Amino acid sequence: MAAIALTAVSAAAQETYENAKIAWSDLNGTARYVGMGGALEALGADISTIGSNPAGIGLFRKSNVSISLGAVSQQDAQNFGGGKTTNISFDQIGFVYAGRNNSSSFINFAFNYHKSRNFNYILSAADGLYNASQNKQTYLKAKGGWLYENALNPNFNSPYIQCNQLDALYSENLLYDPNAEYAWGYYEANGYTMDRRHWGYVADYDFNLSGNINNRVYLGMTVGIHDVHYNHMSEYVETFDVGSPIMVRDERKIKGAGADIKAGVIFRPVEYSPFRIGLSVTTPTWYDLTTSNITYMSDADGSIHSGDEYDFRLNTPWKFDLSLGTTIGDFLALGATYEYTDYGSLDTRYKTGESYNYWTDSYTSQSESDEEMNRHTGETLKGVSTLKLGAEFKAAPEVAVRFGYNYVSPMYNKDGYKDGTLPCEASYYSSATDWTNWEAINRFTCGIGIQLDKVNLSAAYQYSAQNGWFSPFNSYNSSPSDADYDPTDNYDVYAVKLSNKRHQFLLTATINL
């Protein structure tokens with residue numbers, strides 16, 4: 001079969017569900033931070049607060065260096081596509097330089113690397129289909145006038161959506177007869193299977209300047225650089241009553257970098273009380289990203305493929321934190337944090353061109369918001385509230401025991417879906433029609449720390465549980481009032497329940513200098 005080559009267009013943007021993966025963050029950092037559920041924003045004195053409340057670095061009295069290694073394991077999953085359910089991870093390395101200003105004030109500098117996002121996840125779903133298939137979706141797009149008459153050469157000046165990569169592949173793969181209008185053959189499948197392996201990470205490089213005023217007010221600012229490495233490989237198979245199964249294999253990469261600024265304050269409202277209140281804000285991360293894919297379709301007669309690569313921009317939402325913390329004697333520390341992020345305000349942007357600056361001898365690119373995709377994002381994603389609780393108990397002067405809990409509200413609306421009919425470039429270059437609406441996350445953590453002279457060794461365990469609903473493509477039901485109404489076109493695709501249960505083990509070594 002003939003190969004299909006889709007020309008990349010520089011003015012392109014990415015789709016809501018893919019962008020949500022990049023914008024999301026995990027609970028990760030040092031073993032102490034994870035063991036206490038990340039509820040250290042007001043307590044401070046842990047390098048992982050550099051990325052949540054930078055003022056926490058201002059509570060350090062001594063310089064130190066820390067390094068963390070761990071393993072993440074996915075429960076109830078099987079290895080697929082070369083991916084394993086358990087992966088070793090280098091999670092964090094950083095240092096704090098504590099510079100004394102006077103007897104009661106410090107100015108500190110810190111640097112930290114850590115993985116804010118671990119993409120390792122294997123998705124598996126299967127279900128029956130009745131009167132439906134991805135083949136039929138392409139057929140209905142053509143019948144509804146949503147595809148340009150030449151499926152392999154879309155007209156981007158048309159007010160209607162043009163065929164995406166999957167439409168082009170289905171049109172070519174034994175389903176479309178150019179000599180007969182809408183002669184599509186066997187397009188109704190009896191079932192499907194989907195297996196997808198995700199892997200990669202988002203690495204954060206944080207630079208911090210912080211300090212305190214008379215041990216009452218702590219201030220901090222962090223400049224963060226984010227390095228994105230996302231990959232997925234999937235195999236989607238539809239089976240038919242007549243003819244061989246059709247498999248779509250999709251491989252996608254997203255790479256790039258972004259930057260943000262975090263600012264925070266911690267203060268003790270009562271002079272002689274250890275009770276602290278923390279406030280922090282994080283700007284959007286301004287990402288400049290490149291996405292690329294190659295997608296294959298095959299059956300018993302052979303295979304065809306398509307692919308593209310393009311640049312786009314993504315601005316994540318603002319993030320706001322309110323935290324409380326206190327100590328009781330020298331044996332108990334308690335912390336709580338509330339965090340809010342409105343993911344419905346994700347700003348997907350496409351590049352509009354470049355301009356040359358003669359003074360700096362450099363090029364600067366311009367971009368505009370993808371209004372259609374952003375509207376869809378606002379209808380699909382929503383604000384997320386995160387509650388973090390943590391406690392640390394000194395069982396002995398050299399031994400600390402830690403516990404934590406997180407509740408993270410859902411990011412996705414229950415009725416959200418991937419809309420392949422949006423008139424924007426993100427839809428034109430889509431290579432997948434499936435989506436998953438994930439529900440709330442519950443995290444349970446615990447840990448232990450042992451002080452050995454100038455070395456502190458800590459271990460932590462995190463259990464994270466989340467359910468979601470997977471759909472391979474949209475349902476379609478036309479109205480009897482439509483001029484071209486045909487009841488045989490209607491079909492419903494039912495969502496399949498998924499789970500993402502993860503176990504994380506962390507070890508951190510901290511050396512006080």
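The chain comprises 513 residues, of which 53% are buried. Six helices and 19 strands are assigned in the chain. Among contacts between residues at least 6 apart in sequence, 73% join residues at least 24 apart. The mean pLDDT of the chain is 88, and 88% of the residues reach 70 or more. Where pLDDT is low, the predicted coordinates should not be read in detail.

Helix α5 spans residues 371-380, and its buried residues are Met-373, Asn-374, His-376, Thr-377 and Thr-380. Viewed down the axis of α5, these buried residues fall within an arc of 160° and therefore line one face of the helix.

Strand β3 covers residues 105-118. Of its 14 residues, 11 are buried, so β3 is largely enclosed by the rest of the structure. Strand β5 (residues 189-213) pairs with β3 in the antiparallel sense, over 11 bridges. Within this pairing, Ile-107 stands opposite Gly-211 in β5. In a regular strand the side chains alternate between the two faces of the sheet.

The count of aromatic pairs comes to 19. One of them is formed by Phe-95 and Phe-109, with a centre-to-centre distance of 6.0 Å and an angle of 55° between the planes, a tilted arrangement. Phe-95 belongs to strand β2 (residues 86-102) and Phe-109 to strand β3, so the pair ties together parts that are 14 residues apart in sequence. Phe-95 is partly exposed, at a relative accessible area of 32%, and Phe-109 is also partly exposed, at 35%.

A further aromatic pair joins Tyr-121 and Trp-438. The geometry of Tyr-121 and Trp-438 is edge-to-face, with 5.8 Å from centre to centre and 80° between the planes. Tyr-121 lies in strand β4 (residues 121-132) and Trp-438 in strand β17 (residues 435-452), so this pair ties together parts that are 317 residues apart in sequence. With buried taken as under 20% relative accessible area, Tyr-121 counts as buried at 10%, as does Trp-438 at 14%.

Ring pairs also link Phe-95 and Phe-109 with Phe-111 and Phe-207 into a cluster. Two contacts between a charged side chain and an aromatic ring complete the description. Lys-115 lies over the face of Tyr-201, at 5.1 Å from the ring centre. The charged end of Arg-197 sits over the ring of Trp-199, at 3.8 Å from its centre.

Key:
Residues are numbered from 1 along each chain as its sequence is written. Side-chain values use heavy atoms; hydrogens and water are left out. Buried means under 20% relative accessible area, exposed over 50%, partly exposed in between (1.4 Å probe, protein chains only). Helices (H or I, at least four residues) and strands (E, at least two) are DSSP runs, numbered from the N terminus. The arc is that of the directions from the helix axis to the C-beta atoms. pLDDT is the predictor's confidence in each residue, from 0 to 100. Two strands pair if DSSP finds at least two bridges between them. Rings of Phe, Tyr and Trp (its six-membered ring) pair if their centres lie within 6.5 Å; planes under 30 degrees apart count as stacked, over 60 as edge-to-face and the rest as tilted. A charge sits over a ring if NZ of Lys or CZ of Arg is within 6 Å of the ring centre and within 35 degrees of the ring normal. Contact means heavy atoms within 4.5 Å.
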